[in-house]
Amino acid sequence: MIKKLAANIGEYKKSSILTPILVIGEVVMDIVIPLVIAVLIDKGIQEKSKDAILFYGGVLLVCALVALFFGTMSGRFAAVASAGFAKNVRGAMFKNIQSFSFSNIDRFSTNSLVTRLTTDVTNVQNAYQMIIRMLIRAPLMLIFSLVMAFSINSELASTFIIILPLLAIGLYIVVRIAHPLFEKVFRIYDKMNNVVQENIQGIRVVKSYVREDHEISKFKKVSNEIFKVFSKAEGTVAFNAPLLQFCMYTTMLLVSWLGAHLVVEGSMTTGELVSMFSYAIQTLMSLNMLSMIFVMLLIARASGERIVEVLDEKSDLTNNEKALTTVKNGDVEFKNVSFSYSNDKEKRALKNISFKVNSGEVVGIVGGTGSAKSSLVQLIPRLYDASSGEVLVGGINVKDYDLVTLRDNVSMVLQNNVLFTGTIASNLRWGNEAATEEELKQMATISQADPFIQEFSEQYNSPISQGGSNVSGGQKQRLTIARALLKKPKILILDDSTSAVDTKTDRLIREGLKKEIPGTTTFIIAQRISSVENCDEIIVMDKGNIVAIGTHDELLKTNDIYQEMFETQQKGFGVNAE
């Protein structure tokens, strides 16, 4: 884990190296200062020498200023190094997430990935800053203080050694108990993020069904879980403070009692006793810093493990060594294809699918909910890979194509496609960054988006809110169709992407597609028979199987499922409803 995270220090190595060097200088000054104070007391104050007081007072001031400089600069470099390290870790995670297939994302969940990119990275950032600064300072201060204390009076300094094992045992117990609790807390954080995200994204539904109290109850429940576990973890860690105070007060009492006897006996000067108090405080403060570092590392360890899980995750969709960078045409063929989301042969979403579509044909796909219509088309651009069998595009197995090339030639429009913060034009240009205004208008006209765009005050430069919340569902679908068309794909997949538009607009979109992109192979997944009745072929699916393939007229005569769908919709909406 440490090696994996350390690889992200990158260009911040200089700051990471300078920080401990400056810390060493700060520690040296902190160790020298008690010695100067001892000499100041013994040679200046006790001997009432004004010159000695001024001289050693000046030396003390210089040491303090040098210590301040080293401390300030080490803090500055530590901040730069830790912030830069966190930036690189976050960037590496985000870059790796972009390579994930849908199955990789399913493994983590969106909310867990958000927590890992934010809370977990912040914890690791804070720990890194502590490591390059405090974890250098505390042991050095502890060692140097003990060495100086023993050089002054070994008998008195031995009291420090008695206390150290007690504190070490206490810290070990705290770490053993608290670490599993912090791991559990972060898993509950994922749950809380899920509750919050669902509520915010579905706030209109929540208000429509007056479910605010229910959502508040859900949030309180998961929030209370975090409270209970985190309180237990922090309560365990809090034991560290009284233990440290007990050790500190015990040491100070022993130093005071023994030191007073030594001063009276004349085997120790007053200045030396004062410096011993300083070294005792420095020793115990070093232990305090170490205990704080242990707590921070304890939290960061759980976060670091979660981060490394994301960094180590490899996409199960990869290019082969000789990936093809050209798609010949829009031919699509499935050969005995089966697919399972969990790679479980007993839970197959698709079962032995075989069919062929020639380039330029328009194919409709219908079937009931859960019939695996979307699962079928998601195999074409390799959003998932088939568990068995072959999916061919242009006569070539999709696994033999470069992923970018394949997906550039396959445009997919989902029912719940997402728009991004920006303008209408910037969203459309996801399909083609270099698209001209004329091309934007042309594709928007085909998708029937241009008429409502013209009604906006800034037209194509009109702003789009996050997720497209300031446009209707039908408008969003038309914009995403236009975006897909700008790619000028060889294969276009419309996955129930006109469900939010009326039947007249749906018909106009289909007519526009047929007229403007006749050479593009088009798959139309739809619930409405009217959306697919003019297709060259219609595939009827049921429970992961293809139960029939044919034209509208053929299926009306031969397939019960298609007949039932057609008759139900005719009764519900009337023939040729507009």
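1. Glu439 and Lys488 form a salt bridge, with their closest N and O atoms 3.4 Å apart; the term stands for a side-chain nitrogen of Lys or Arg within 4 Å of a carboxyl oxygen of Asp or Glu. The pair links distant parts of the chain, with Glu439 in helix 15 and Lys488 in the loop between helix 17 and strand 9, 49 residues apart. Helices (H or I, at least four residues) and strands (E, at least two) are DSSP runs, numbered from the N terminus. Glu439 is partly exposed at a relative accessible area of 22%, while Lys488 is exposed at 53%. Here buried means under 20% relative accessible area, exposed over 50%, and partly exposed in between (1.4 Å probe, protein chains only).

2. A note on the source. This is a predicted model, in which local features need pLDDT of at least 70 and side-chain atom pairs count only at pLDDT 80 or more, while totals for chains, interfaces and linings use all residues. Residues are numbered from 1 along each chain as its sequence is written, and side-chain values use heavy atoms, with hydrogens and water left out.

3. Helix 15 spans residues 437-446, and Leu440, Met443, Ala444 and Ile446 are buried in it. These residues lie on the same side of helix 15, because they cover an arc of only 155° around the axis, taken from the directions from the helix axis to the C-beta atoms. In general, an α-helix has 3.6 residues a turn, so residues three or four places apart point the same way. Glu437 and Glu438, on the other side of helix 15, are exposed. The buried residues pack against helix 14 (424-428), helix 16 (450-455), helix 17 (473-485) and helix 18 (503-516), contact meaning heavy atoms within 4.5 Å. Just after helix 15, Gln448 has a positive phi of about 65°.

4. Lys441 forms a salt bridge with Asp450, the closest N and O atoms being 3.1 Å apart. Lys441 is partly exposed at 38% relative accessibility, whereas Asp450 is buried at 10%. Elsewhere, salt bridges that share partners join Glu26, Asp30 and Arg137 into one network.

5. The structure holds ten salt bridges. One of them joins the side chains of Arg116 and Glu309 at 2.8 Å, N to O. Arg116 lies in helix 5 (residues 110-132) and Glu309 in helix 11 (residues 270-312), so this pair ties together parts that are 193 residues apart in sequence. Arg116 is buried, at 7% relative accessibility, and Glu309 is partly exposed, at 42%.

6. Ile24, Val28, Ile143, Phe144 and Val147 make a nonpolar surface patch of about 390 Å². Patches are made of residues with over 30% relative accessible area and no salt bridge, like charges being joined within 9 Å and nonpolar side chains (Val, Leu, Ile, Met, Phe, Trp, Tyr) within 5 Å; accessible areas come from the Shrake-Rupley method with a 1.4 Å probe, and for residues only the protein chains shown count as cover. Helix 2 (13-45) and helix 6 (134-152) each supply at least two residues of the patch, and helix 6 gives the largest share, three residues. Val28, in helix 2, is partly exposed at a relative accessible area of 33%.

7. Strand 6 (residues 410-414) is mostly covered, with four of its five residues buried. Strand 6 pairs with strand 9 (residues 491-495) in the parallel sense over five bridges; two strands pair if DSSP finds at least two bridges between them. Val413 has Leu494 in strand 9 as its bridge partner.
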